[in-house]
Amino acid sequence: MDKQRLRAYLKLIEQVLTCPSGEEFQIVESNRELVGAELLQVMAQVAEQLAAEGKQNNAEVLLGLRSELLEILEISETRTSANLSCQDYLQFLTEVLLATDNSDSNPKVVYPLLGANLEKLDDNFIDILETWASAKFSEPEAEYIAKVIWEFSNLIQQFPLGNKANNIEIAIAGYKQVLKVFTRESKRESWAAIQTNLGQAYRNRIRGERALNLELEIAHYQRALSVYTKSDFPIYWAMTQINLGEAYRNRIHDHRAENLEKAIARYLLASSVYTESNFPYYWAEIQTNLAEAYSHRMLGGRAYNLELTIDAYQLTLEVYTQEEFPIEWAQTQTNLGNAYSDRICGDRAENLEFAIEEYQLALEVYTKEDFPIEWAQTQTKLGIAYRNRIRGDRAKNLELAIEAFQQASSVRTKQDLPMAWTMTQNNSQNNSQNNLGLPIVTESVVISNII
């Protein structure tokens, strides 16, 4: 989804979490154009982060509203498809598979056909697909048909229109049908690739319990690794290790500390293939993933893990230069600023100077015109760093902090982002309170961190 759409979803979620109890559905109703599968996916991700940060009440409110919206959407789609016959679905299925085959899986050919038949992309379509495929797989050209279904499943999983929850369910159903033909014994490489596709589908799945979907994602990646060995398929092996690392980092089941250790181990394995010299971009992505995992790591001591975090981000900048990868470079500068702000080792005054420098560098790319949300978030972090600054004149530092908070407030308005606005206002007010010896409030808003 594009950034503008994501921001709209996050704004709606903020409003839901900050409104008086009982007014949630009124807010949703006034933003009906945003209600759909993508919103449900973002709600699940935000709820997951809220729960991880101990904000269980907010997480439960969000998940409860999500469940009700999912039920409403499914009822609405059932009514829409009630007037369609089995023949309508079958004709559409044959048309879309033929278009997939004849166009060599060209989205420019297949997607317009899907877009013209959005009302048919539902559970009834899955039933027709499964029944039709089971019958066709008894024919001599079963492998050819399975290959077309496989390609169609890849396309529907990435299809940007319609109900994303339904699209993913159709993709999963298609992959499972293909596995009846491409077995581990008969087509081991294809079997492993489909296992990877299924892992990706369960990662993005909207229906079902998030924790269970993550377990299924892990299981499919692990199956793929039974074929994708490092010696035979080093690239696929390394990519699957990265996918597993992401899955373990997001995992809900089992202990958080153990899952993070598994994630780190997978990233390190992948880096043995995706080296800086041979695959610089992928190597830099792995370093970023490692840094994020180290920043949340529970074993090994907080001070030590922050040093590992800083080292990994600094390695990333060997590839993410401002000229070649400006967005990745700016995000890494921001991440380094966060790490230096939290750093335990070294001189506290010097660490804050490093943090300020990193935030200022990020603002060279994160301009208000091009990246207003990121710009405002970085201004807020810069304001906090100036407020806590040890070097320089105290009064001057507080003025710089106020200026940064006021800049952030020009984007984080009360109407658009109430939670972020409130936190920015608190940070700004705390500059004057600090002179009176009152406690300082730091920024820790889940929504603002996401955006």
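The model is a predicted one.

**Stop 1: helix H5.** Select residues 86-102. Helix H5 has 17 residues. From its first C-alpha to its last it reaches 24 Å, close to the 24 Å expected at 1.5 Å a residue.

Now colour the buried residues of H5: Tyr-89, Phe-92, Leu-93, Val-96, Leu-97, Ala-99 and Thr-100. They cover an arc of only 155° around the axis, so they lie on the same side of H5. An α-helix has 3.6 residues a turn, so residues three or four places apart point the same way.

What covers the buried residues of H5? Show helix H6 (107-115), helix H7 (123-136) and helix H8 (142-158), which are among the covering elements. Then step past the end of H5 to Asp-104, where phi is positive, near 55°.

**Stop 2: the cores.** The largest nonpolar core has 69 residues. Select Leu-114 and Ile-149, the residues with the most contacts inside it. H8 gives the most to this core, with nine residues. Centre on Ile-149. Beyond its sequence neighbours up to four places away, Ile-149 touches Leu-97, Leu-129, Trp-132, Ala-133, Phe-137, Gly-174 and Val-178.

Next, find the second, separate core of 26 residues. Pick out Tyr-9, Ile-27, Leu-34 and Leu-39, which are among its members.

**Stop 3: Glu-169.** Go to helix H9 (residues 164-178) and select Glu-169. Is Glu-169 buried or exposed? Its relative accessibility is 9%, so Glu-169 counts as buried, the cut-off being under 20%. Show its contacts: leaving out residues up to four places away in sequence, Glu-169 touches Ile-126, Arg-205 and Arg-207.

Note on methods: Residues are numbered from 1 along each chain as its sequence is written. This is a predicted model: local features need pLDDT of at least 70, side-chain atom pairs count only at pLDDT 80 or more; totals for chains, interfaces and linings use all residues. Side-chain values use heavy atoms; hydrogens and water are left out. Helices (H or I, at least four residues) and strands (E, at least two) are DSSP runs, numbered from the N terminus. The expected span of a helix is 1.5 Å times one less than its number of residues. Buried means under 20% relative accessible area, exposed over 50%, partly exposed in between (1.4 Å probe, protein chains only). The arc is that of the directions from the helix axis to the C-beta atoms. Contact means heavy atoms within 4.5 Å. A nonpolar core is a set of buried Ala, Val, Leu, Ile, Met, Phe, Trp, Tyr and Cys residues joined through side-chain atoms within 4.5 Å.
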